[in-house]
Amino acid sequence: MSNKEITKNMLTARFDVINPDSIDEYISHNGYTALKKAMSKTGEEIISEVKIAGLKGRGGAGFPTGLKMEAVSQADGSPKYIICNADEGEPGNFKDRYLMEKDPHQLIEGIIICAFAANINNGYIFIRGEYINAINIMEKALEQARVNGYLGDNILDSGFNFDMEVYSGAGSYVCGEEFALLVTIEGKQGRATYKPPFPTTVGLYNKPTQINNVETFCNIPHILNMGGKEFSKIGTDSSKGTKLVCLSGNIVNPGLYEVELGVSIRDIIEKLGKGVPNKRAIKMVQLGGASGPVIPENMLDIKLDSKEMSKLNLNYGSGAIIVMDDRIDVLDILKRIIEFFHHESCGKCTPCREGLTQMLILLDRFTDGIATNDDLAILEILMETMNQSSICGLGQAAPTATQKVLEYFREEFTNKINSTDSIVV
Amino acid sequence: MQVKEALDKYGRTADKLIGAMLAYQKSTPCNYLTEDDIKEFSRETGLPESRVYSIASFYSLLSTEARGKYIIQVCYDVPCYINDSVNIVNELEKILEIKMGQTTDDRLFTIEYSSCLGCCDKAPAMQIGATLYGNLTKDKISSILSTYRGGKDE
Ligand SMILES: Cc1cc2nc3c(=O)[nH]c(=O)nc-3n(C[C@H](O)[C@H](O)[C@H](O)COP(=O)(O)O)c2cc1C
Ligand code: SF4
Ligand code: FES
């Protein structure tokens with residue numbers, strides 16, 4: 001396969017072609033045509049197109065977007081809200097920043113279409129506070145959309161009213177979690193809550209709320225423009241469309257690439273990333289970001305396909321691919337990952353708050369050469385507990401990389417066990 | 001900017017509090033919220049002081065300790081780490097003669113760790129104000145710092 005066959009320009013087609021500050025350039029490149037199409041349809045018809053398209057959420061969990069739209073549109077309660085999750089904080093990800101900075105109106109158009117479909121009048125784009133450029137660009141773009149009649153009252157003479165504003169986060173990874181995000185907008189500490197109920201029925205100010213990732217919304221105009229059926233021909237049976245991939249780490253050409261779902265990790269690393277500098281060997285690759293699994297070199301032929309990956313208990317998450325060559329110290333990397341979660345944990349539940357502290361202590365015992373077999377056993381029980389009993393995805397997923405290291409690189413731990421003395425009776 | 005001014009601009013409801021605090025903090029010479037500021041936010045919004053403080057202390061972009069005019073946020077996470085971000089931290093500490101988390105005596109710079117800045121394709125990365133600096137090398141650090149010493153706007 002040549003590069004051309006791997007990459008696919010859909011969401012990134014206007015990147016560096018149009019000036020992101022100009023709504024006119026967006027419009028002259030096929031912009032806001034999908035919204036006009038949408039407004040000639042009913043809400044049910046729009047939702048049905050998205051379902052036929054087979055679009056799944058791009059924020060990491062992969063929930064079917066059409067079903068989410070339907071749940072919100074059918075939920076009782078008003079007003080309803082729509083929120084774009086642009087909190088992008090998962091280490092290794094930068095796709096949402098590029099989507100906002102390089103083609104802000106594509107995102108705005110996607111959100112307006114969803115709002116129209118579920119008859120929602122108010123929305124927020126929740127952008128992490130560190131993304132100052134993206135915040136400025138989105139605010140400017142929203143103003144232009146207002147001036148041009150795409151936001152506000154009686155949009156394009158349809159009788160539909162909708163407006164939204166940018167909400168800046170203030171530095172907290174957990175606020176990407178839906179409930180932590182919602183309470184932050186309400187002006188409280190961003191802490192997660194048990195689900196269900198889901199935000200689709202009990203969301204912002206306890207009203208039905210649609211929350212989707214930036215990339216998810218950016219797909220919506222394309223679905224409307226080409227029709228759900230055409231869209232569903234892109235990708236594989238279980239994973240439709242394209243995926244933005246954030247390639248980083250020990251790689252010759254790091255960067256953002258848009259690929260058709262179904263390509264292999266190896267093709268992305270070798271053909272797009274041009275491999276590892278100085279032709280070093282790959283030790284491991286982390287998928288999705290800090291909360292994602294790691295795989296060894298001999299598994300790189302696996303494809304970006306949710307069905308194929310789930311057979312191995314893997315997922316591509318939000319699309320980060322972090323390449324690590326043979327010079328890395330695996331436990332050292334795991335410590336950095338756990339330190340990240342330890343810093344970002346909201347502290348509400350014990351398994352996550354205390355579990356992460358204990359994980360760091362245990363990992364130190366391995367790097368200090370004083371670990372025993374019991375330390376390994378305790379570590380594994382601890383991680384299982386965190387998986388099973390943490391309130392939100394942060395604590396549940398924090399041990400993933402460590403667990404995968406134990407699955408694929410167990411010797412990294414067992415080599416460091418110093419004594420077989422038992423401390424547990 | 002006064003606390004009142006920030007709230008006039010953003011609004012006095014709970015959902016506007018974080019935005020107003022961020023904007024106000026940015027306008028203060030030492031980039032932080034004093035105890036008096038917290039009290040004033042509380043008085044002006046009618047929200048309990050504990051609620052205002054709980055927000056100021058929860059979010060990492062808000063600070064209740066005095067910092068420098070320029071906050072240098074250095075990425076701590078793995079893609080930057082495997083691209084030798086440790087050297088960047090060492091260089092910053094050496095040139096500024098402070099440790100991570102500290103502020104220079106002239107109150108110009110504070111160095112802080114940040115979670116991933118979304119600039120991993122140009123690792124190692126750091127951010128000062130709205131400006132992202134990627135593909136950092138030791139040499140670049142000193143020239144970047146000197147532009148701020150010369151009074152660069154953020
Ligand atoms: C700790 C944590 C952080 C998250 N951060 C983000 C984020 O930054 N951006 C995002 O879109 N989703 C994030 N998610 C996932 C969201 O909770 C949610 O599933 C997603 O926004 C739904 O959108 P989608 O269906 O379009 O993927 C996070 C989840 C957890 C548990
Ligand atoms: S799992 Fe962690 S981040 Fe989530 S609610 Fe519990 S303590 Fe907070
Ligand atoms: S890991 Fe450093 S910018 Fe993402």
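**Note on two interfaces in a predicted model**

1. Across the interface of domain 2 and domain 3 of chain A, in what is a predicted model, the rule finds one salt bridge. The partners are Lys283(A) and Glu412(A), whose closest N and O atoms lie 2.8 Å apart.

2. On the side of domain 2 of chain A that touches domain 3 of chain A, the elements that give two or more residues are strand S7 (282-287) and strand S8 (294-296) of chain A. By class, that side of domain 2 divides into ten nonpolar residues, four polar and one charged.

3. As to extent, 15 residues of domain 2 of chain A are in contact with 13 residues of domain 3 of chain A, and the two domains bury about 1100 Å² between them, 75% of it on carbon and sulfur atoms. Their centres, taken over C-alpha atoms, are separated by 23 Å. The domain assignment places domain 2 at 242-325 and domain 3 at 330-414, and it also gives domain 1 (3-231).

4. Between the chains, the contact takes 51 residues from chain A and 35 residues from chain B, and about 3300 Å² is buried between them, with 55% of it on carbon and sulfur atoms.

5. Here too the rule finds one salt bridge, in which the side chains of Glu165(A) and Lys16(B) meet at 3.1 Å, N to O. The interface of chain B and chain A also has 21 residue pairs in polar contact, both residues at pLDDT 80 or more. The side of chain B that touches chain A has 20 nonpolar, nine polar and six charged residues.

How values were computed
Residues are numbered from 1 along each chain as its sequence is written. Chains are lettered from A and ligands numbered from 1 in the order in which they are written. This is a predicted model: local features need pLDDT of at least 70, side-chain atom pairs count only at pLDDT 80 or more; totals for chains, interfaces and linings use all residues. Side-chain values use heavy atoms; hydrogens and water are left out. Contact means heavy atoms within 4.5 Å. Buried area is the accessible area (1.4 Å probe) that two parts lose on being put together, summed over both. A salt bridge is a side-chain nitrogen of Lys or Arg within 4 Å of a carboxyl oxygen of Asp or Glu. A polar contact is a pair of N or O atoms within 3.5 Å; within protein, one must be able to donate a hydrogen and the other to accept it, and residues adjacent in sequence count only if both atoms are side-chain atoms. Ala, Val, Leu, Ile, Met, Phe, Trp, Tyr, Cys and Pro count as nonpolar, Asp, Glu, Lys and Arg as charged, and the others, Gly among them, as polar. Domain bounds come from an automatic or database domain assignment. Helices (H or I, at least four residues) and strands (E, at least two) are DSSP runs, numbered from the N terminus.
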